[in-house]
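Q: I am new to this structure and would like a close look at a single part of it. Could you walk me through how that part is packed, and then how it sits in the whole chain?

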Amino acid sequence: MTEAAWLELGRQMSDRMRTNQLTYFIASSALTAIIVFSTASDFTLMLTITAIGIALFGILSFDAAQQGWIKMSESMPESVANSPVGVSIAPVGQYNFYRATNALFTALIAVVQIIAIN
């Protein structure tokens, strides 16, 4: 892969990840506002399903992005691999840590929301 193609692919992945994170943040914040400022007795089931769906979206979209970054680090051109940035992003263990941490905290947020709903 050429350096220009690798950099463009990285830019596209960053844009997609940023968009997904913004979508998750807005959806989770909106659900939290609904939980805090309304009485959920009539639509408890729908809010619970929404909390689960938002959490799944957050976990899966971030996990997909991290898998993409793992593939990017494995396919970086030599000119990037020999740079300090290339050396720092080469170990894939850090991405697995991010994936696990995101899954844990996103699930925790969903559990707190579901407890508050019910």
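A: Happy to! Let's begin with the surface: the protein chain exposes about 7400 Å², and carbon and sulfur atoms supply 71% of that (Shrake-Rupley method, 1.4 Å probe). This is a predicted model, where local features need pLDDT of at least 70 and side-chain atom pairs count only at pLDDT 80 or more, while totals for chains, interfaces and linings use all residues. Residues are numbered from 1 along each chain as its sequence is written, and side-chain values use heavy atoms, with hydrogens and water left out.

Now for the close look. Two packed helices are described by the angle between their axes and the distance between the axes. Helix 2 (residues 44–74) and helix 5 (residues 93–117) have axes that come within 9 Å and cross at roughly 175°. Helix 2 is therefore roughly antiparallel to helix 5 (angles over 145 degrees, on a scale from 0 to 180 between N-to-C directions). Their contact has 15 nonpolar, ten polar and two charged residues (Asp, Glu, Lys and Arg count as charged).

Stepping back, the protein chain has five helices and zero strands (DSSP runs of at least four residues for helices, H or I, and at least two for strands, E). The C-alpha atoms fill a box of roughly 60 × 25 × 15 Å along the principal axes. Of the 118 residues, 31% are buried (under 20% relative accessible area, 1.4 Å probe).

Note on methods: Angles under 35 degrees count as roughly parallel, over 145 as roughly antiparallel, 65 to 115 as roughly perpendicular and the rest as oblique. Buried means under 20% relative accessible area, exposed over 50%, partly exposed in between (1.4 Å probe, protein chains only).
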